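Biologist: I am new to this structure and would like to go through some of its side chains with you, one question at a time.

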Amino acid sequence: MSTKMRDLWSEGLSLLRYEPTEMRIRVRHGGRVIADTTRAALVWEPLRVVPSYAVPLADLSVDLAHSSGEAVPAPDGILHPGIPFAAHSSDGHSMDLLVGDDRLAGAGFRPDDPELAEYVVLDFNAFDEWLEEDQPVLSHPREPYHRVDIRPSSRAVRIELDGVVLAESSRPTFVFETSLPTRFYLPREDIVAELEPSELRTTCAYKGRAIYYSAGGRKNLMWSYPDPLSDARDLAGLVAVYDDLVDVYVDGELRGRPSGPVAQALQQEFGLV
């Protein structure tokens with residue numbers, strides 16, 4: 001019997017997963033190189049949807065010490081990017097990194113797994129800069145099995161909230177992103193609703209830094225990438241909406257609201273449920 005690839009991916013979420021990479025990975029903090037390696041691995045703890053980088057102990061240029069902080073239990077369910085690194089879902093030991101006079105509490109983790117025995121997993125947000133080869137990395141490590149396919153379309157898209165039309169376009173851009181709901185990006189001129197700038201800012205490792213708008217009485221309902229990363233440059237200036245909260249019609253047909261573990265995790269992260 002055939003198996004949907006997405007189902008296989010979902011089944012693996014409960015496992016501790018890793019993938020070696022040949023990219024040169026550099027980590028800097030406080031003007032100091034923390035690690036410089038071509039032997040890093042991407043590590044997903046159980047139920048984590050985005051990876052962390054693990055570096056060989058031999059390629060770490062600072063000392064480690066057992067963590068001085070208290071353990072943080074991982075919450076039940078999918079661990080979205082908003083769940084802190086310190087909430088570990090696999091057995092292991094939290095480590096502090098000693099960087100000069102600074103002690104970065106819990107910035108490292110050594111899983112109790114024989115395949116990762118000589119590695120330390122690092123908290124992406126604990127350090128000033130990450131580089132893959134010579135390119136800065138935003139938000140979190142990018143993974144080799146994640147795609148973002150951006151496709152212009154002539155299909156008709158209408159977005160409604162409680163029966164009120166917020167946007168209508170015959171020139172949308174569809175974004176198909178691995179394991180995420182399809183998103184619809186529309187020209188600003190095709191947004192009927194009044195957009196109120198929001199203070200919220202988020203960063204996507206694949207698309208760049210997003211700004212948000214409130215619309216239709218809903219806070220942070222829409223977002224845009226004014227200056228996206230090079231791989232997502234076709235999204236510049238377009239506006240997207242959380243399908244989770246609105247009715248989206250494509251060629252006159254109402255789509256279902258996003259569902260599944262990743263969609264639910266995103267809804268939890270952004271307070272949509």
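Biologist: Leaving aside its neighbours within four places in sequence, which residues is R17 in contact with?

Modeller: This is a predicted model, and in it R17 is found in strand β1, which covers residues 17-20. Once the neighbours within four places in sequence are left aside, the residues in contact with R17 are G12, L42, V43, W44, E45, P46, L47 and R48.

Biologist: What is the nearest side chain of opposite charge to R17, and how far away is it?

Modeller: R17 is buried yet has no salt bridge, although a polar atom of its side chain lies 3.0 Å from the backbone oxygen of L15. A salt bridge requires a side-chain nitrogen within 4 Å of a carboxyl oxygen. For R17, the nearest side chain of opposite charge is that of E143, at a distance of 7.1 Å.

Biologist: R26 forms a salt bridge with D134; how many residues apart in sequence are the parts that this pair ties together?

Modeller: The closest N and O atoms of R26 and D134 are 2.5 Å apart, and R26 is buried with a relative accessible area of 10%, whereas D134 counts as exposed at 65%. Because R26 lies in strand β2 (residues 25-29) and D134 in the loop between β12 (129-132) and β13 (135-136), the parts tied together by this pair are separated in sequence by 108 residues.

Biologist: With which side chain does the side chain of D243 make a polar contact?

Modeller: D243 is found in the loop between β22 (239-241) and β23 (247-250), and at 5% relative accessibility D243 counts as buried. Leaving aside neighbours within four places in sequence, the residues in contact with D243 include T182, F184 and R257. The polar contact, at 3.2 Å, is made with the side chain of R183.

Biologist: Are the rings of F124 and W130 stacked or edge-to-face?

Modeller: The structure holds eight aromatic pairs. In the pair formed by F124 and W130, the ring centres are 5.2 Å apart and the planes meet at 15°. Planes under 30 degrees apart count as stacked and those over 60 as edge-to-face, so the pair of F124 and W130 is stacked.

Biologist: Which residues do ring pairs link into a cluster?

Modeller: F124 and W130 are both buried, and both belong to the cluster in question. Its members, linked by ring pairs, are Y53, F124, F127 and W130.

Terms used:
Residues numbered from 1 in each chain as written. Predicted model: local features only at pLDDT ≥ 70, side-chain atom pairs only at ≥ 80, totals over all residues. Heavy atoms only, no water. Phe/Tyr/Trp six-rings, centres within 6.5 Å; stacked < 30°, edge-to-face > 60°. Buried < 20%, exposed > 50% of the residue type's maximum accessible area, 1.4 Å probe, protein only. Helix = DSSP H or I, 4+ residues; strand = E, 2+ residues; numbered from the N terminus. Lys, Arg positive; Asp, Glu negative; His and termini not counted. Polar contact = N/O pair within 3.5 Å; in protein donor to acceptor, adjacent residues only side chain to side chain. Contact = heavy atoms within 4.5 Å.
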